[in-house]
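These are my comments on the model you sent. They go from the overall fold to single residues.

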Amino acid sequence: MHDHNSIGWYQLNTTTNLGKKWGLHMDYNQRYAPFSGSLFQRLIRIGVNFKPSNKWHFRAGYVWVENRPYGDFPFNTEGLFANEHRTYQMAAYRHQWSRIDIRHRVMTEQRWLERTNSYQYANRVRYQVKAQLPITWKSGQSSYPYLQVYDEIMVAFGKNVPTNRYDQNRVGVLAGFHFSKNCQLEAGVIHIHQQLQRKQNNQSIFIHNTGLQANLYVQVNSYKKAKGK
């Protein structure tokens, strides 16, 4: 069984650097059904960052999600609003290939999904690879446009997960602009292919969400750098 939907996904990402290696993260997400204007998901993610080098980045934190019914097959059979609480751990690695900046990210999540009278626990692991190509860029330049593509696959696991553990895959193509080292804006097209962790009439349910994605990244340095460094 398949359900095709148009979506709009808007995201604000903020990082507050407390020092050269430590920092705080917060991102806020909203997903809409664009033609009706109805909101079907809100997400707030907070975390603590640790960056031992320019290539490695680690984070751990907490996520709150509010899911609202949309489309032909809502997440729960009752078609009700449902909260989700998560803890997560992330490891990311970046490297250069010619002029392309390539980033790999692995995230593990511990999820508490609201059901009618209780919460159900599940685990999920995610892997994302992202490539960013500057359109016009010179060494040391902090303001420039770029193109970006990414793919992320998610797999659920644990005793409360059905036999088919594929969760979803996200693919995006975006164009963006670095206004400075501390601010960038990007927008483009995203497609999400998702299999719900339930069945209807003994048939698997696949969701196809396609639409606009827009992301704003802001970074604040709350410490003073030593002179000459």
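In what order do the elements of the protein chain run from the N terminus on?

1. Fold. The model is predicted. Read from the N terminus, the elements of the protein chain run β-β-β-β-β-β-β-β-β-β-β. The secondary structure comes to 11 strands and 0 helices. With a radius of gyration of 19 Å, close to the 17 Å that the globule rule gives for 229 residues, the protein chain is as compact as a globular protein of that length.

2. Dimensions and contacts. The C-alpha trace spans about 65 × 30 × 30 Å along its principal axes. Of the contacts in the protein chain with a separation of 6 or more, 52% are between residues 24 or more positions apart.

3. Surface and burial. Buried residues make up 38% of the 229 residues.

4. Charge. The protein chain carries 30 positive and 13 negative charges. Their mean positions are 14 Å apart.

5. Main core. The largest nonpolar core holds 12 residues: Ile7, Trp9, Phe40, Tyr70, Phe73, Tyr150, Leu174, Ile190, Ile192, Leu196, Ile205 and Ile207. Two or more residues each come from β1 (2-17), β10 (183-200) and β11 (203-221). The largest share, 3 residues, is that of β10. Apart from this core lies another, of 7 residues, including Leu43, Val65, Tyr88 and Ala92.

6. Trp9. Tryptophan 9 belongs to the largest nonpolar core. Leaving out residues up to four places away in sequence, tryptophan 9 touches Asn29, Gln30, Arg31, Arg170, Ile190, Ile192, Leu212, Gln213 and Ala214. Of these, Ile190 and Ile192 are also listed in that core.

7. Asn5. Is asparagine 5 buried or exposed? Asparagine 5 lies in strand β1. Its relative accessibility is 15%, so asparagine 5 counts as buried, the cut-off being under 20%. Not counting residues up to four places away in sequence, asparagine 5 touches Tyr70, Gly71, Ile207, His208, Asn209 and Thr210. Among these, Tyr70 and Ile207 are members of the largest nonpolar core. Asparagine 5 and arginine 126 are 121 residues apart in sequence, and their C-alpha atoms are 23 Å apart in space.

8. Asn17. Strand β1 also contains asparagine 17. At 12% relative accessibility, asparagine 17 counts as buried. Which residues does asparagine 17 touch, not counting those up to four places away in sequence? They are Trp22, Gly23, Gln219, Val220, Asn221, Ser222 and Tyr223. One of them, glutamine 219, is 202 residues from asparagine 17 in sequence, yet the C-alpha to C-alpha distance is 7.5 Å.

9. Ser98. Where is serine 98 placed? Serine 98 sits in the loop between β5 (82-97) and β6 (100-114). Although serine 98 is not a glycine, its phi is positive, at about 60°. Its relative accessibility is 69%, so serine 98 counts as exposed, the cut-off being over 50%.

Terms used. Residues are numbered from 1 along each chain as its sequence is written. This is a predicted model: local features need pLDDT of at least 70, side-chain atom pairs count only at pLDDT 80 or more; totals for chains, interfaces and linings use all residues. Side-chain values use heavy atoms; hydrogens and water are left out. Helices (H or I, at least four residues) and strands (E, at least two) are DSSP runs, numbered from the N terminus. The radius of gyration is taken over C-alpha atoms; the globule rule is 2.2 Å times the number of residues to the power 0.38. Buried means under 20% relative accessible area, exposed over 50%, partly exposed in between (1.4 Å probe, protein chains only). Contact means heavy atoms within 4.5 Å. Lys and Arg count as positive and Asp and Glu as negative; His and the chain ends are not counted. The place of a charge is taken as NZ of Lys, CZ of Arg, CG of Asp or CD of Glu. A nonpolar core is a set of buried Ala, Val, Leu, Ile, Met, Phe, Trp, Tyr and Cys residues joined through side-chain atoms within 4.5 Å.
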